[in-house]
2 protein chains.
Amino acid sequence: MMAITLKDVAAAAGVSRSTASRALSGSPLIAPETRVAVKEVADRMGYRPNRAASALRSKQSHVVGLVLNNLINASFHTIAEVVQRRAAAEGYQVMLCITDADPRREESFLRTLAAHGVDGLIMIGTGKNTAMANALLAEGIGVVNVIRAAAESAAPSVLASDREGAHAATSHLLDLGHERIGFIGGLLSANSGLERFAGYEQALRERGRQVDESLVERGPFDSAFGAEATERLLRRNPEMTALFAANHEAVFGMLPTLVGAGVVIPEQLSLICYEDIPWLRWWQPPITVVDNGAHELGDLAMNLLLQQIERTDRSTAPARTGRAGRAYRVGAQLVLRSSCAKPAAPR
Amino acid sequence: MMAITLKDVAAAAGVSRSTASRALSGSPLIAPETRVAVKEVADRMGYRPNRAASALRSKQSHVVGLVLNNLINASFHTIAEVVQRRAAAEGYQVMLCITDADPRREESFLRTLAAHGVDGLIMIGTGKNTAMANALLAEGIGVVNVIRAAAESAAPSVLASDREGAHAATSHLLDLGHERIGFIGGLLSANSGLERFAGYEQALRERGRQVDESLVERGPFDSAFGAEATERLLRRNPEMTALFAANHEAVFGMLPTLVGAGVVIPEQLSLICYEDIPWLRWWQPPITVVDNGAHELGDLAMNLLLQQIERTDRSTAPARTGRAGRAYRVGAQLVLRSSCAKPAAPR
DNA sequence: TCATTTTTTGGGATCGCTTGCATTAGGTTG
DNA sequence: CAACCTAATGCAAGCGATCCCAAAAAATGA
């Protein structure tokens, strides 16, 4: 069961292999009638070009790598979907790599992707393999960082606006007249955790207020923490009138706890969550959220990657080595729904 | 910036290309010392074998395809994660294909995957391209169906136990003494929708009861439908004491609606949901669910695929053509939590 | 020691495609 | 009509690995 090769098509069409190749790959130096004829024969025979051979010879695999922590997280699988869709639309396939944020696994994937000759890769990286990523870039492999980017990265980055998003959410609550606003966030070791807290702090400062650490809970990105943190905050701060959940995974634990504690939203507590997880829209009441723009992050990343690939395509010169990669920001959007109101007893 | 090739490694190690190749690919016919020496040189030089060349010559790409509807659905991205992890652990890369359940896109992906020379593929298919999938199988490309499988498929299938899961859930509610059990399900056009309804019906029948269509809501797999369906059921059936949500996406709309309507679980309504979405465990009260075993589905699928790949590896004979592929079932598990109780007023 | 077997290595063809260069066909111009 | 140019095609050389087959080296036995 030997597969049909270009040679077979050429023979059947009565042309040489070169001509057949040019006809199918859209080269301009070929007679239009020849092209049509060859294409027709190829179709009829069910010819499938051998990508491995093509990649070997032309140094173009039409494959891009996607390196990320996991697919459970909503932002991540949204990005993965967007990237895959755009890639497919442009004639590229996507190689999926899940790192669990482990630098060693990440490094191994980078090597493997390079071995597979990917034309480029998009990474939500750990920041620990920037040197290697830069080396790949210098070799002519496109690289785009998403969400996280080390300062030394020579590749362009698409970043979320964590600080701005948190700032907008906190400001909105302050505008409504809230004084005691709880904050459930990620660990300060995580970049997004740091930035969101900074946004919260900045908004308070701008109104001449200070962060009250008794209103702050920081922990891992998971539901169990969300549940515990919520309980602690409620117990410790009976006078808390608003809550900003900046740790998106914690929301899974937080909402049920609030319901269980009989807290009425927004009458007793105003609430804003980070990340627009679909079901938050269906909650009763619908929850106001900060949309971090996962869709746009993926889309822009793919655009930048395609740009790089096209560029290295035409000129063999590797794309701008040395210079630090430009950073693009995707805005965070405050999506107003019904979980926020004026505090019950405004001062 | 030419990459290091096997030739370079061989030269540096003072051996021939054949020897170097054998040393690195774990062939048994080579002196142990030579192997060590060559490996060391390769390491030191940062040699990365060119997979395209390797694939071209050896007909083994070490890439598998994964074809599925989307990554938003929890079962799907869980399966994707498991498959990717297992694949990576076994030295395979995963090419991700998102079809949106569109047969035309699916066909295009199958062609492309074949063109890329994948060693095998796992598909949550539409069932409309079985002929093509069978052809690929005959060509020696491994194929495994997941969740859905056409009868004519020659590839093995890993199926969920939708009917059994629904049967277990309904039986549990009947055991508790419930008489009027609502059903929110998927459209009968979807296979899982059909099967889950069948399980619900069968459980009722076994106790000598009939399906009351006024207790049944069927619709698309989305939150909006879940919200509306819940509202309709509550309005239409004040005497309904239990609810089985067999349409996992609908749950996002259903739960908030129940809360909004002030329905107390499980005192006023017992509830079971299909699919173990993480946050259902954190709900107040924690929701009893049917776990469809997404994790196991992915794991088993990958095992079967690897088996096929190994097999076609040794003997060139294509794996059992003609015969219909064997079907494996992954059991559904009723995970008891706190959302079910005896009906308030048992007869 | 020499013939014979076994183990290890090297030579070179080959996988299927792309691409630089040579060639031919067809058209234009002085 | 020769001379020349352009457009279309063909030839053949690789890309970097693998692997058959033969050669060399090492081990074994008589």
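Which element gives the most to the surface near DNA strand C, and with how many residues?

Guide: That would be helix 4 of chain A, with five residues. Before we go on, bear in mind that this is a predicted model, in which local features need pLDDT of at least 70, side-chain atom pairs count only at pLDDT 80 or more, and totals for chains, interfaces and linings use all residues. As for names, residues are numbered from 1 along each chain as its sequence is written, while chains are lettered from A and ligands numbered from 1 in the order in which they are written.

"Near" here says that a residue's C-beta atom, placed from the backbone, lies within 6 Å of the molecule or strand. Helices (H or I, at least four residues) and strands (E, at least two) are DSSP runs, numbered from the N terminus.

Now, DNA strand C has 26 residues around it, and T5(A), L6(A), S18(A), A53(A) and T19(B) come nearest. Both protein chains take part: helix 1 (6-13), helix 2 (17-24) and helix 4 (51-58) of chain A, along with helix 2 (17-24) and helix 4 (51-58) of chain B, each supply at least two residues. Sorted by class, this surface holds nine nonpolar, 11 polar and six charged residues. For those classes, Ala, Val, Leu, Ile, Met, Phe, Trp, Tyr, Cys and Pro count as nonpolar, Asp, Glu, Lys and Arg as charged, and the others, Gly among them, as polar.

Over at DNA strand D, there are 25 residues around it, with S18(A), T19(A), T5(B), L6(B) and S18(B) coming nearest. Here the elements giving two or more residues are helix 2 and helix 4 of chain A, plus helix 1 (6-13), helix 2 and helix 4 of chain B. Helix 4 of chain B gives the most to this surface, with five residues. Its classes come to nine nonpolar, 11 polar and five charged residues.

Follow helix 4 of chain A onward and you reach K59(A), in the loop between helix 4 and strand 1 (63-68) of chain A. K59(A) isn't a glycine, yet its phi is positive, at about 60 degrees. Most residues other than glycine have a negative phi, and most peptide bonds are trans. Further along there's an exception of the other kind: the bond from I265(A) to P266(A) is cis, with omega near 0 degrees. P266(A) sits in the loop between helix 11 and strand 9 (270-274) of chain A. Chain B has a cis bond too, joining I265(B) and P266(B).

Helix 4 of chain A also has a part in the meeting of the two chains. The contact takes 45 residues from chain A and 46 residues from chain B, where contact puts two C-beta atoms, placed from the backbone, within 7 Å. On the chain A side, helix 4, helix 5 (74-89), strand 2 (93-98), helix 6 (103-115), helix 10 (223-236) and helix 11 (251-260) each give two or more residues. That side has 26 nonpolar, 13 polar and six charged residues.

Step back, and chain A has 12 helices and 12 strands. Its C-alpha trace spans about 90 × 40 × 30 Å along its principal axes. The radius of gyration of chain A is 26 Å, whereas a compact globule of 347 residues would have one near 20 Å; the radius is taken over C-alpha atoms, and the globule rule is 2.2 Å times the number of residues to the power 0.38.

To finish, look at chain B, where six strands form an open sheet in the order 7-6-8-9-10-12, with mixed pairing. Strand 7 (216-219) and strand 12 (333-335) of chain B are at the edges with a single partner strand each, so one side of each has no neighbour in the sheet. Within the sheet, strand 6 (residues 181-186) and strand 8 (residues 242-245) of chain B pair in the parallel sense over four bridges, and F183(B) has F244(B) as its bridge partner.

Technical notes: Pairing = 2+ DSSP bridges.
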